Amino acid sequence: MLGYTVVRGGLGLLAVRRVCLVSRSAYSAPRREHRPIKKVMVANRGEIAIRVFRACTELGIRTVAVYSEQDTGQMHRQKADEAYLIGKGLAPVAAYLAIPDIIKVAKDNKVDAIHPGYGFLSERSDFARPAWRRAHWPSPQVQEKRYTVSQVLIPKLVRLFSVPVVPGTNAPIASLREAQVFAQTYGFPIIFKAAYGGGGRGMRVVREIEELEENYQRAYSEALAAFGNGALFIEKFIEKPRHIEVQILGDKYGNVIHLYERDCSIQRRHQKVVEIAPAFELNPQLRARLHADAVNLAKMVGYENAGTVEFLVDKHDNHYFIEVNSRLQVEHTVTEEITDVDLVRAQLRVCEGRSLPEMGLKQEKIRVNGCAIQCRVTTEDPARGFQPDTGRIEVFRSGEGMGIRLDSASAFQGAVISPHYDSLLVKVIASGKDLRTAASKMSRALAEFRVRGVKTNIPFLQNVFSNHQFLHSTVDTQFIDENPDLFNLKPTQNRAQKLLHYLGHVMVNGPTTPIPVKAKPSSIDPVVPAVSMGDPPIGFRDVLLRDGPEGFAKAVRAHKGLLLMDTTFRDAHQSLLATRVRTHDLKVISPFVSHNFSNLYSLENWGGATFDVAMRFLSECPWKRLQELRALIPNVPFQMLLRGPTPFCEVAKENGMDIFRVFDSLNYLPNMILGMEAAGAAGGVVEAAISYTGDVADPMRQKYSLDYYLKLADELIKAGTHILCIKDMAGLLKPEGSKLLITALRDRFPDVPIHVHTHDTAGAGVAAMLACAEAGTDVVDVAVDSMAGMTSQPSMGAIVACSKGTKLDTGIALEKVFDYSEYWEVARGLYAPFDCTATMKSGNADVYENEIPGGQYTNLHFQAHSMGLGNKFKEVKKAYVEANKLLGDLIKVTPSSKIVGDLAQFMVQNDLSRAEVEERADELSFPLSVVEFLQGAIGIPHGGFPEPFRSKVLKSLPRIEGRPGASLPPMDFKALEETLRAAHGDEITPEDVVSAAMYPKVFQEYKEFTSVFGPVDCLNTRLFLDGPKIAEEFEVELERGKILHIKALALGDLNKAGQREVFFELNGQLRSVLVKDTVAMKEMKFHPKAQKSIKGQVGAPMPGKVLEVKVEVGAKVEKGQPLCVLSSMKMETVVNSPVSGTVKAVHVTPDSSLEGDDLILEIEE
């Protein structure tokens, strides 16, 4: 034998003893001589290299691997007995095409045989020749001339022997002109095919003359990059055929057998995705013809070793020969599974000189046993047109079990998937008694896979194996294109790994939510009081569900004693803790509330700042909060704050909201009525709230007099409110004013329930609320003791204690209030970074002068300290009074209170008095909120706008007449939903649409956060804010019955990419995540990323290298015009313009290496 025998079937060349067109029997059979192979080198990488190594090891043959500089960490290098570097200094693919290096390694290390696998050099005759020339000793066949029968000779033979063939060129074409001539002769469609390789590389279908030149260039470039030779064949393209290939095996003595056929029709971009053996529901006569043609063709050319004869079968069962793949195929595995023939072992034995009969391989003994299916799990993203993904595999868990075989190389935790090579991760082979059995095993195995860190095509493959056509009928090469439902991909949750990413991010970069003061969350978790077993007692929500809003209102009015609304779940923490209380801490105390406070009028847990803060700072879904709290507290009505017109009343009602407190910051009636109508139409309880300011007991304050409030109440009652509310946001109600106002309202409206809301900034809230109750109020707002007082609501315990044993008795057990308060006292410590007591130590009765609402009082105090104006807070409060007068003495509730506050801070920062502001109003640059208010953006204030101040500020700016928003076109929620689905997938809910309508930027940021980190509301608050300490162990419950056991292990050093590796132990297994160090990255230079929100910024759709830039700065481009060409994993992609416009900037050059979403260029529309 030869010193360097090339395993010819694997090489992809038809190395034959003699090319003849007559029967082999006319020649004498060669003398049989076995030359054992002792050492085999595989001139390839990845799973095929390992596949060959395993067969060699079973035969006692020593193995040699070669690897590129980029593959030092690849598994095939470690599986071989010896491994040697090749292609030093060359590009990644070029290294495996470096023939001199490979031959040198073989010679230096006394290699007997070279197996080239598939791809790379497997179909290169110029690789085989040096191996033959370097023979160290004579071969039995050395006297016979060797010929390489490639795809040039085979078509001549098949025509001679009447085997149908697809029209095509007999030799590779040398120019675009030849392609044009062929297309003119045979018409479109046509297909370019690489002459020296397969796998879909260098294949391009052309349907129109306009596409010819571009596709020729792309096919040539791809083939050159993948196989080192850009030669192309060109053929007529047959529409919708089945792709059937017959596995053959021949020896040196003229014996050829077939091992049945494979159906490879499920393809994408001409690359096989799923292969089946034997072909499903193939006509028996057609099957026999295919087998016979394949074997006869192989015998005519004296074929040796393993190979595949490929055919296309049209809908009339006509078959056409297309090519011989004279090498081992990727899908050889399914043939092995159904025939129990090890093809690689057979290759090696044939190469040693053994005959097929010696190996027990006779045609009559080859039988089909069941069905086998192979699918190729790749690191490609089906949702983005199967764009290759690269990166580090953070988690890898495979599917296994009976009937499953895995062939892989790079599939392990920590493996780095580079853009330089094929995207194949693992081949999964399932075997069963028939197609459906094998498919069910495959589906089960794929469901067991967990691959994190890179995208895979597993969701797509799962859809294939559950497709009705696939399971019950035949498929053709258009199967994927004609089944768009295959791309309805079920998103992977990846919750655990995303959670580790979040924890690692916090450990490296600190909290994701802004921290106003330098304080750490308490390390003590609150203890939840004991809750009795069974269902909670019946509450007022049961009355509401039974009797409806009107019946509910009557029950409230008829109730003996004072009813309470608990604001602890919303306004209390908005006032004291910057609205930062998380759903996690609300949920754990909810069962206690449900069982022990069932006689509450309501629980306020939504609305106000809660909605946007949940998404913006807590990275939570506010709708999910509502849904979960509703499930835990089924018996107490929920109440929310509703300002002006809003689209979400109906959706909120469906998610569990009951009472809608409708208000307007200016008491502007048109706005209020719109909100009332929306709440009523949704089936909710309408609670119209009059925002209170001034002092009805002060005869000197006549703008907001008792008569003003009574007239406004008249209008609201006429508009159909179920409950009348007084909303005292600044806590201005004193006991005397409370008696006066509530008595007048009770006398005027004896049958309407009255509800009073206040803040305890001055410390007189309990007295005021008791006075309201004595005067006839049905409901007052309170917060549990540890969350009450200061800018929050009056103390629940104080009201309960003071009313106990009187006609106002609340019926609430005081000891339960104490337990409830103890929980929140400890829970409040978790929010120390946001607690107002960090800067504000008490309330202040000066609120009666400045009239600053409770929540805003806290915020202004924080802001003043953060801006270094803590010592000037008194001046800010005085300026607030002056700003209020400048604006005409407003009712100060969000957003009108913010307008006054903005103007006050503007005055303090610029050292301006009220007189100076009035005098210079036409030249000062006022805060935008002030300007928009004066334009009429939030409505018309009672008494009108202040003049001439308004005219001087606005000058020629437009003014809004009437209700703001009345002239705006209605929002197209359907179009918005479609936009959101295009951006975020089909999991978009009606609740998401409403969120995006109200807070588009906040919602977008929230979705971006969850796509990276997943839902984080399962973390306790200390972990969410501060992250775990090194060596800390903790549990996280993802859902009922699914608990993660996590231990933080270590933080790694900064790497060249600006990342730190963070190590964890998850459920007993080592996990690590790479986290960008945001501080360090500011000092490092990185390629800019394209901003998805800016259409003109074109980002790289996948990691890869720039092959060609087709435009330059200043060029005019049309939408869809090619801009540049990227190459990734040997596949080329043309990046097209998303818009029409002018190229503003180009950020790449040829050979630039890009990561996904790296900015390529900018287009100005």
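Modeller: Gladly! Let us start with a term: contact means heavy atoms within 4.5 Å. By that rule, and leaving aside neighbours within four places in sequence, Arg-45 is in contact with Asp-71, Gln-74, His-76, Tyr-96, Phe-120 and Tyr-421. Please keep in mind that this is a predicted model, where local features need pLDDT of at least 70, side-chain atom pairs count only at pLDDT 80 or more, and totals for chains, interfaces and linings use all residues. Residues are numbered from 1 along each chain as its sequence is written, and side-chain values use heavy atoms, with hydrogens and water left out.

Colleague: Why does Arg-45 count as buried?

Modeller: Buried means under 20% relative accessible area, exposed over 50%, and partly exposed in between (1.4 Å probe, protein chains only). Arg-45 has 12% relative accessibility, so Arg-45 counts as buried. Across the chain, 58% of the 1165 residues count as buried.

Colleague: What makes the pair Arg-45 and Asp-71 a polar contact?

Modeller: The term asks for a pair of N or O atoms within 3.5 Å; within protein, one must be able to donate a hydrogen and the other to accept it, and residues adjacent in sequence count only if both atoms are side-chain atoms. The side chains of Arg-45 and Asp-71 make such a contact at 2.6 Å.

Colleague: And how is Ile-515 classed, and why?

Modeller: Its relative accessibility is 34%, so Ile-515 counts as partly exposed. Ile-515 lies in the loop between H16 and helix H17 (540-558). Beyond its neighbours within four places in sequence, Ile-515 is in contact with Pro-833 and Phe-834.

Colleague: What makes a set of residues a nonpolar core?

Modeller: Its members are buried Ala, Val, Leu, Ile, Met, Phe, Trp, Tyr and Cys residues joined through side-chain atoms within 4.5 Å. The largest such core has 174 residues, and Leu-564, Tyr-820 and Trp-824 are among those that touch the most other members. Helix H16 (residues 495-509) gives the largest share of this core, eight residues. A second, separate core of 40 residues includes Ile-266 and Phe-386.

Colleague: Which strands form the open sheet, and in what order?

Modeller: The order is E37-E44-E42-E39, with antiparallel pairing. Strand E37 (1097-1099) and strand E39 (1116-1117) each have a single partner strand, so they stand at the edges and one side of each is left without a neighbour in the sheet.

Colleague: How do you know that E42 and E44 pair?

Modeller: Two strands pair if DSSP finds at least two bridges between them. Strand E42 (residues 1141-1146) and strand E44 (residues 1159-1164) have four bridges, in the antiparallel sense. In one of these, Thr-1142 has Glu-1164 of E44 as its bridge partner.

Conventions. Helix = DSSP H or I, 4+ residues; strand = E, 2+ residues; numbered from the N terminus.
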